[in-house]
Amino acid sequence: MKNEMVNELIGVMRERIPKGSNLANSLMEILCMGKEAIYRRLRGEVAFTFEEVSLISQHLGISLDKIVGRRMLNDTMFDLNLLHTGDPIESYYEILVRYAKLFDLLRDDPTASVATASNLIPFTFYSPYECLSKFRLGRWIYHHGKMKPPASLSDLQVPDKVPQMHWKLSASIRQLSHTSFIWDYNIFRSIVKEIRYFAGLDLLSAEDVRNMKKELGLLLSELEAVTMTGEFSKRHSLAIYLSDINFEATYTYVEKGDFQACLFRVYSINSMDSQNPRMCNIQKNWIQSLKRHSTLISQSSEIQRRQFFNEQREIVESLQEA
């Protein structure tokens, strides 16, 4: 690696390790190397290999884009987070773990904030609901033809670690200092439409539909309650906006101190992300621009809030078993 890239890598690593930690000691643990071998790399006498940089990136949450891509004005590197394991359940779990690591990085930091513009119900809201989260997983498996789809969600067996991670994700989003969402008016209509479609393919039982209808009702009540208060709990604020225009994807921007990242929802359950500063600023400004075409309903606009949730309940109530 060129000296300027090595220096930039070292600088970013120092930002990522815990305060008071020794960089050389941290690298010895990550790379399983002796102290002298580490110091030769830090002095620039021996180049970091691509494999070593990849390991450092994985353990410290450093985007390679931040090292080699920030000088390219019109090019941005994205991590698609694609997994190659043959077990779809295990792949799904690893995706959940990656999201959990991101939230752990932000949790309980007063400077941390997450902003999302979503045209679907955010998974972090309904992840604790057994049938809705199972439906999400079963739909993804069916799309990719990874295994024979079950005729009922009760036939879809998942290890205990999956629902445990669902709960962790849901709890994590509620522990962030500042969270804001922009919702498309059709977020509940979309999931009701999908439930009807898969029920029509005999991939959902009548009981599945009943259970998800019940869970959607509970979710609506939960969302309405936190929207009224404008917070998940003390010191964990929540802002909810209703968009007056449609948008074509789900966009997320996260930041904390000197850390920022942007995410785009892809392939049903995954997100591609980038820590490129220019791309992150574009994402941040785009989400901010959507707020100008939206109505804040948390702790305000009571008439619009009631109207929205009443409309969503009517949509859910229209979901029939047949």
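## The model

This is a predicted model, in which local features need pLDDT of at least 70, side-chain atom pairs count only at pLDDT 80 or more, and totals for chains, interfaces and linings use all residues. Residues are numbered from 1 along each chain as its sequence is written, and side-chain values use heavy atoms, with hydrogens and water left out.

## Aromatic pairs

The structure holds 12 aromatic pairs. Rings of Phe, Tyr and Trp (its six-membered ring) pair if their centres lie within 6.5 Å; planes under 30 degrees apart are stacked, over 60 edge-to-face, and the rest tilted. Take Phe 125 and Phe 232: their ring centres are 6.2 Å apart and their planes stand at 45 degrees, so this pair is tilted. Phe 125 lies in helix H7 (residues 123-126) and Phe 232 in strand S3 (residues 231-233), so the pair ties together parts 107 residues apart in sequence. Helices (H or I, at least four residues) and strands (E, at least two) are DSSP runs, numbered from the N terminus. Phe 125 and Phe 232 are buried, meaning under 20% relative accessible area, while exposed is over 50% and partly exposed is in between (1.4 Å probe, protein chains only).

Tyr 251 and Phe 264 form an edge-to-face pair, 5.8 Å centre to centre with 80 degrees between the planes. Tyr 251 is in strand S5 (residues 251-256) and Phe 264 in strand S6 (residues 259-266), 13 residues apart. Tyr 251 is buried at 7% relative accessibility. Phe 264 is buried at 15%.

Ring pairs also build a cluster. Its members include Trp 183, Tyr 185 and Phe 308.

## Charges over rings

The charged end of Arg 136 sits over the ring of Phe 123, 3.6 Å from its centre. Arg 139 has its charged end over the ring of Phe 135, at 5.4 Å from the centre. The test is NZ of Lys or CZ of Arg within 6 Å of the ring centre and within 35 degrees of the ring normal.

## A polar contact

Thr 252 lies in strand S5. This residue is buried, with a relative accessible area of 14%. A polar contact of 3.0 Å joins the side chains of Thr 252 and Thr 116. Such a contact is a pair of N or O atoms within 3.5 Å; within protein, one must be able to donate a hydrogen and the other to accept it, and residues adjacent in sequence count only if both atoms are side-chain atoms.
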